[in-house]
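Keep the model open as you read.

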Amino acid sequence: MHTTAQKLNGSEIFFECLRREHVDTIFGYPGGALLKVYETLYDVTDIKHILVRHEQGATHMAEGYARATGKPGIVLVTSGPGATNTVTGITNAYMDSSPMVVFTGQVPSSLIGNDAFQEADIVGITRPITKHNFLVKDVRDLATTIRKAFFLATNGRPGPVLVDMPKDILNAECEFNWPESVDIRGFKPTITCHANQIEKAAKKIAAAKRPLLYIGGGVISANASKELSLLAKALNIPVTMTLQGLGAFPASDPLNMGMLGMHGTYWANQAVNKCDLLIAVGARFDDRVTGKVETFAPQAYKIHNDIDPTNVDKNIKVDLPVVGDSKDFLAQLIKALPEKSENHDSWLAEIESWRNQCPLTFTVEDDSLKTEFVISRVSEETKGNAVVVTDVGQHQMWTSQYYHFNNPRSIITSGGLGTMGYGLPAAIGAAFGVKDRPVILFCGDGGFMMNIQELVTAVYYKVPVKIFLLNNSFLGMVRQWQELFHQEKYSFTDLNDSNPDFLKVVDAFGCKALRAENPEEAEATIKEALAYNEGPVFVEFRVIKKDMVFPMVPAGGSISEMLLERLNPKTMV
Amino acid sequence: MKHLISVLVENKFGTLNRVASMFSARGFNLASISIGETEDPEISRMTIVTRGDDQIVSQVLKQLNRLIDTIKVTDLTHQPHVERELILMTLKLSKTTQHEIFELINVFKGKVVDIKQKSITIEVIGSPDKINTTIDIFRPYGIRELARSGAVAIHRGE
C-alpha cells in the first residue's frame with residue numbers, strides 16, 4: 001500500500017483508492033481510454049480483475065456480487081460504447097437499490113464535447129439512473145471523488161454511482177492524499193428513527209388484532225433479519241415479503257406467508273386485504289405488490305418505515321411514516337413494545353384457512369416436466385440454503401413461490417426493472433462473492449440468450465455456478481398474458497423454431513452440459529449438477545410450453561381478487 | 001395549486017440539469033426555474049415555481065432533497081416571502097400611442113431601457129401578478145418581443 005503524500009499517477013491513485021475501500025474484486029473490460037489503468041493493473045496482485053465479455057455483463061455481475069455480499073460491486077469500463085453498454089445494468093441497480101460503483105474511462109479532457117472517437121456524455125446519460133455521478137476534472141480531485149462515490153453508493157438507500165475519468169487525468173501525477181472521512185452537505189440520510197414515531201408504532205402494534213408485517217428489500221440491505229425475526233416471533237405477527245424481501249424471514253417458520261402481490265400467495269394477499277395493521281418495512285408499495293391502490297389493505301392502519309423519505313406517501317398514503325434505517329426501526333420497536341399485546345391465534349388460524357383453501361400446488365406427470373417441479377426439488381435438495389439467482393419471467397415467479405428461502409441475501413433477481421439477461425452474469429458475480437453456499441441460476445431460454453457470452457467468463461474462471469435452464473421454447477410470461485388477455489395471439493413469443501441446440505452451444509463454450517426431459521431425469525441431473533464443483537454446470541430442463549403462473553392478480557386488479565387458474569382450462573396440456 | 005420553492009444547490013456544472021431532468025423524469029410540472037450564485041460562490045439559489053396537489057408537491061420537495069447536489073429545500077408558499085419577476089418588453093411605438101405608453105410605464109413603475117424611432121424597450125419588476133397585468137395592459141399596443149425572468153424569491157427577514 002502506498003503511503004499518503006507520495007506522488008502517483010491517476011491510474012495508481014485509482015487502485016490505491018480501491019484498496020482503501022477494501023475492494024477485492026472488480027468486473028471490467030479494457031479499452032483505449034483505460035490503457036493506463038490496465039497498464040497499472042498488469043502489476044496489481046491484491047485486487048482480482050474479472051474479464052467479462054460485454055460491459056452489460058460486468059454491471060450485472062457487480063450487482064450479483066453486491067447483493068450476495070452486501071459490499072459494493074465495482075465495474076471498470078472504457079469510454080463511449082463501453083460506458084453506454086453499462087446503462088441497463090446501472091438502471092437495474094438503481095431500481096433495486098444495489099450498491100455499485102461504476103468507473104468509466106473518458107476521452108481526454110481537451111477533447112470532451114468535440115465528438116471525439118469513443119466519446120459519450122456518460123455523466124449526462126446516467127444522471128437519471130444513478131444515485132449520483134461525477135466527472136473528474138483534475139487528478140487532485142480523483143481520490144476524494146472516489147471516496148465520495150463509495151460513501152454515496154453504500155450509505156442511506158444504496159444505489160449505483162458513476163465516476164467518469166478522462167484519459168489525461170489517469171496519466172497525470174499528483175500527491176496521493178486519502179481523505180479519511182467525507183462530508184457531503186447535500187447528503188445526510190436519516191438513520192435513526194424518531195422516538196415519538198416508534199412509540200406510536202409500538203402502541204398500534206400492541207393493540208392490533210390482525211397485524212401483518214410487509215417486508216421489502218430494505219430489510220436485507222439493512223441486515224435486519226435478526227431483528228425482524230425477534231419482532232415477528234415476540235408477538236406472533238405473520239410476515240409477508242416482496243420479491244426482494246424473500247429470505248429476510250425464514251420460509252421454514254410457520255409465520256412466513258410467502259410473497260404478496262401479483263404472483264404472491266393467495267393467503268398473503270387475503271391477509272393484506274383483511275389485516276387491521278400493516279407494518280411496511282423497507283418496502284416501497286410497488287405496483288406489482290399493491291395492484292389497484294384504492295383497494296390495497298383497505299381496513300389497515302398503515303405504518304411505513306423506509307430509509308428513503310421519497311418512498312413514503314409516493315404510491316399509497318400511510319398513517320404513520322417512520323423514516324430511518326430498517327434495522328434501527330425494528331430494534332427500537334422491539335424495545336418499545338409493551339409487555340402485553342393482543343393474542344393473534346384466531347388471525348393466524350384465519351390465514352391458515354386461506355392457505356388450505358388455495359395452496360400452491362402443481363401436478364407431476366411421468367413423461368413431462370414442469371418448472372415448478374424442478375424448483376421445488378432444488379429447494380428441497382439445497383434445504384433452502386442456496387443463493388438463488390433468477391432471470392426474468394415465469395421461472396422467476398415460480399422461484400418466489402417454490403424455492404423456500406431460509407436466509408437473507410439468497411434471492412438475487414431483477415425486480416424493479418425486470419431485466420431479461422440479468423440472471424447469468426448476476427449468478428457469476430454472486431459466485432465470486434459467495435464461497436460457502438451453492439449459487440444456482442434459474443433462467444428461461446429467452447433471457448439466457450441475452451447475455452450468453454458471459455458463459456465464457458464462468459468457464460474461464462471455473463465459477464461453480466449451477467445454470468438451470470428452464471426451456472419451454474417460449475417467452476413464457478408474455479405468452480401467458482397473450483393467452484389470458486390478448487386473444488391467444490402468440491405474437492413473436494414462440495422461440496421453438498429459432499432456439500439453438502443449447503447443449504451444443506454450451507458444450508462449445510467448454511461448459512459441462514446436461515439435459516432432463518422428465519421428472520426422473522430431472523432428479524438425477526439436479527443431484528449431479530449440485531455435486532459438481534469443478535466449474536459451471538448447465539442443465540437444460542425441457543419443460544412444457546403452456547404452463548402458467550398462478551395465482552395471479554390481473555394488471556390493475558385488486559390483490560384480493562386473484563385469478564386462481566386458467567380462464568380456459570381446455571388449453572391446459 | 002401554485003408552489004414557490006427555494007432551493008440552495010451546489011454551484012457545479014450539471015446541477016440545473018439534475019433538477020430539471022428530475023422534474024421531467026417524474027412528470028412534475030415546472031412552470032419556471034431561475035438560478036444564480038448566492039453570496040457564497042460555491043452555492044447557487046434556484047427558485048422554482050411548480051403546480052400540483054399536496055401529495056405531488058410533497059413528492060417534489062422530497063425528490064429535490066434526495067438529489068445529492070441540493071443543500072436546502074424550502075417551500076416558501078405559506079411562509080412570509082418576497083417574490084419578484086423581471087420582464088424586458090419591446091413595444092411598437094408611434095406618435096399616437098407614445099403618450100399613453102409613457103404614462104403606463106409610470107403607472108407600472110417601469111423603466112425605459114432602450115428607445116428607437118419605432119420601438120421602445122422597457123423593464124418592469126414586480127410580483128408575478130403585477131407582471132401578468134403589465135403584459136395584459138401593454139398587449140394592445142403591440143408587443144414585439146418579451147423576455148420573462150421567471151420568479152426569484154427569498155424569505156422575509158425577521
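Begin where the two chains meet. The contact draws 16 residues from chain B and 13 residues from chain A. This is a predicted model, and the contact is described here by the residues that form it.

Stay on the chain B side. Three elements of chain B, α1 (15–25), α2 (54–66) and β4 (70–75), each supply at least two residues of the side that touches chain A. Of the elements, α2(B) gives the most, with six residues. What is the make-up of this side of chain B by class? It divides into three nonpolar, eight polar and five charged residues.

Now look within chain B. The domain assignment gives domain 1 (2–75) and domain 2 (82–155). The C-alpha centres of these two domains of chain B lie 28 Å apart. Seven residues of domain 1 of chain B are in contact with six residues of domain 2 of chain B. On the domain 1 side, strands β1 (2–10), β2 (32–37) and β3 (43–51) of chain B each supply at least two residues. The most comes from β2(B), with three residues. By class, this side of domain 1 of chain B has three nonpolar, four polar and no charged residues.

Turn to chain A. Its assignment has three parts: domain 1 (7–175), domain 2 (195–357) and domain 3 (371–550). Take domain 2 and domain 3 of chain A, whose C-alpha centres lie 30 Å apart. Here 13 residues of domain 2 of chain A are in contact with 15 residues of domain 3 of chain A. The domain 2 side of that contact divides into seven nonpolar, six polar and no charged residues.

Finish with a helix pair in chain A. Two packed helices are described by the angle between their axes and the distance between the axes. For helix α3 (residues 55–69) and helix α18 (residues 423–433) of chain A, the axes come within 6 Å and cross at roughly 45°. Why is α3(A) called oblique to α18(A)? The crossing angle of roughly 45° makes it so, because angles under 35 degrees count as roughly parallel and 65 to 115 as roughly perpendicular. The crossing of α3(A) past α18(A) is right-handed.

Both helices bring a list of residues to this contact. From α3(A) come, among them, Gly57(A), His60(A), Met61(A), Glu63(A), Tyr65(A) and Arg67(A). From α18(A) come others, including Pro425(A), Ile428(A), Gly429(A) and Phe432(A). Together, the residues of the contact of α3(A) with α18(A) divide into ten nonpolar, six polar and two charged.

Definitions and conventions: Residues are numbered from 1 along each chain as its sequence is written. Chains are lettered from A and ligands numbered from 1 in the order in which they are written. This is a predicted model: local features need pLDDT of at least 70, side-chain atom pairs count only at pLDDT 80 or more; totals for chains, interfaces and linings use all residues. Domain bounds come from an automatic or database domain assignment. Two residues are in contact if their C-beta atoms, placed from the backbone, lie within 7 Å. Helices (H or I, at least four residues) and strands (E, at least two) are DSSP runs, numbered from the N terminus. Ala, Val, Leu, Ile, Met, Phe, Trp, Tyr, Cys and Pro count as nonpolar, Asp, Glu, Lys and Arg as charged, and the others, Gly among them, as polar. Axes are lines fitted to C-alpha atoms, for helices over the stretch in contact, and angles run from 0 to 180 degrees between N-to-C directions. Angles under 35 degrees count as roughly parallel, over 145 as roughly antiparallel, 65 to 115 as roughly perpendicular and the rest as oblique. A crossing is left-handed if the near helix is turned anticlockwise from the far one by less than a right angle, and right-handed if clockwise.
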